[in-house]
Amino acid sequence: MDGVRLVASDLDGTLLRPDETVSERTRAALAAARDAGITVVLVSGRPPRSLGPIAERIGVGGIAICANGALVWDLDTGTMVDSSPLAADLAARLVRTLREAIPGVLFAVELEGSFGREAGWSDGLVAAPPAVLEADALELIRGPVIKLLVRHPNLPFAEVAERARAAVGNDAVATWAGLRLVEISAAGVTKAFALERLCRRLGVAAGEVVAVGDMPNDLAMLAWAGTAVAVANAAKEVLDAADEVTAANTEDGVALLLERILAANGGPVSTPAAL
């Protein structure tokens with residue numbers, strides 16, 4: 001762990017506990033990493049509107065990667081640094097293709113400044129952001145789309161995911177961060193895509209990066225980073241792909257990782273829970 005300059009951490013299921021908080025130990029480890037000059041980058045499927053308040057609450061600033069790599073956001077200024085959306089015509093074509101491949105499928109559309117969904121989308125399972133738009137997906141696509149969200153009210157998730165991946169082919173990236181929604185991004189756009197671009201701007205090599213995650217949408221990032229770490233609660237394919245496994249998100253897995261990195265780089269390692 002010596003020579004690490006940047007830690008890229010997934011948020012939900014990795015850094016955050018189930019109630020979207022972190023422990024004092026994790027908060028202290030994040031602060032110690034910052035003070036030691038180690039950059040911590042939050043890398044999430046969330047859009048900036050929901051990631052921003054969490055980042056502020058846990059004391060992480062700087063640049064964050066949102067929407068599975070489609071957006072790069074400056075947490076300190078609340079402004080967009082980079083955007084890699086689906087073109088509107090392609091997004092509309094994908095909606096038609098997915099409707100043919102998965103009859104009865106429902107869509108939500110993440111736009112740069114808003115969020116829209118079809119009637120029946122949430123069924124009480126997915127909280128709607130304020131001022132949510134509701135219309136047919138093709139009506140919601142009025143410009144570039146950050147990502148399409150796909151769910152089916154009846155089919156098993158594994159079948160929806162398999163059909164969606166086959167349907168989009170090489171025209172887009174289909175992935176997921178849980179067993180509820182398939183997320184569709186522009187071709188080549190992944191967490192790794194945005195992280196590599198960011199590291200190039202910062203002058204940080206892949207070998208100086210540690211990435212930590214828990215779900216399939218983290219796999220590309222884990223493959224790109226010099227060291228891939230899974231939390232103990234990660235999906236099997238993530239555990240299999242990781243170089244090593246840290247403790248679960250409920251047991252300060254990211255804090256333990258940061259403490260090891262700080263120790264290897266000569267930084268402070270004491271935290272409230274470690275005293």
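Two strands pair if DSSP finds at least two bridges between them, and the helices (H or I, at least four residues) and strands (E, at least two) named below are DSSP runs, numbered from the N terminus. This is a predicted model, in which local features need pLDDT of at least 70 and side-chain atom pairs count only at pLDDT 80 or more, whereas totals for chains, interfaces and linings use all residues. Residues are numbered from 1 along each chain as its sequence is written, and side-chain values use heavy atoms, with hydrogens and water left out.

**View 1. The hairpin of S10 and S11.** Strand S10 (residues 172-175) and strand S11 (residues 182-186) are paired in the antiparallel sense over four bridges, and six residues lie between the two strands of this hairpin. Within the pairing, Ala174 has Ile184 of S11 as its bridge partner. S10 is covered on both faces, with Ala172 and Ala174 buried on one side and Val173 and Thr175 buried on the other, where buried stands for under 20% relative accessible area, exposed for over 50% and partly exposed for values in between (1.4 Å probe, protein chains only).

View 2. Three strands, in the order S3-S4-S5, make up an open sheet with antiparallel pairing. S3 and S5 are its edge strands, each pairing on one side only, and neighbouring strands are turned by 25° against each other on average, direction ignored. Four bridges join S3 to S4 in the antiparallel sense, and Ile63 has Asp74 of S4 as its bridge partner. Helix H3 packs on this sheet, touching S3 and S4, and its direction makes about 140° with that of S3; angles run from 0 to 180 degrees between N-to-C directions, and axes are lines fitted to C-alpha atoms, for helices over the stretch in contact. Helix H7 (residues 191-202) lies across S3, S4 and S5 and runs at about 160° to S3.

**View 3. The buried side of H3.** Helix H3 spans residues 48-58, and its buried residues include Pro48, Leu51, Ile54, Ala55 and Ile58. Residues three or four places apart point the same way, because an α-helix has 3.6 residues a turn. Among the elements that cover the buried residues of H3 are helix H1 (11-15), helix H2 (24-35) and strand S2 (39-42), together with strands S3 (63-66) and S4 (71-74). Gly59, which follows H3, has a positive phi, near 80°.

**View 4. Asp82 in strand S5.** Asp82 lies in S5 (residues 79-83) and is buried, with a relative accessible area of 16%. Its side chain makes a polar contact (N or O atoms within 3.5 Å, one able to donate a hydrogen and the other to accept it) with the side chain of Arg197, at 2.6 Å. Leaving aside residues up to four places away in sequence, Asp82 touches Ala70, Leu71, Val72, Arg197 and Arg201, contact being heavy atoms within 4.5 Å.

**View 5. Asp89 in helix H4.** Asp89 is placed in helix H4 (residues 88-101) and counts as exposed, at 60% relative accessibility. Asp89 and Ile141 are separated by 52 residues in sequence, while their C-alpha atoms are 8.5 Å apart in space.

**View 6. The contact of H2 with H10.** The axes of H2 and helix H10 (residues 253-264) come within 9 Å and cross at roughly 35°. From H2, Arg25, Thr26, Ala29, Leu30, Ala32 and Ala33 meet Ala255, Leu256, Leu258, Glu259 and Leu262 of H10.
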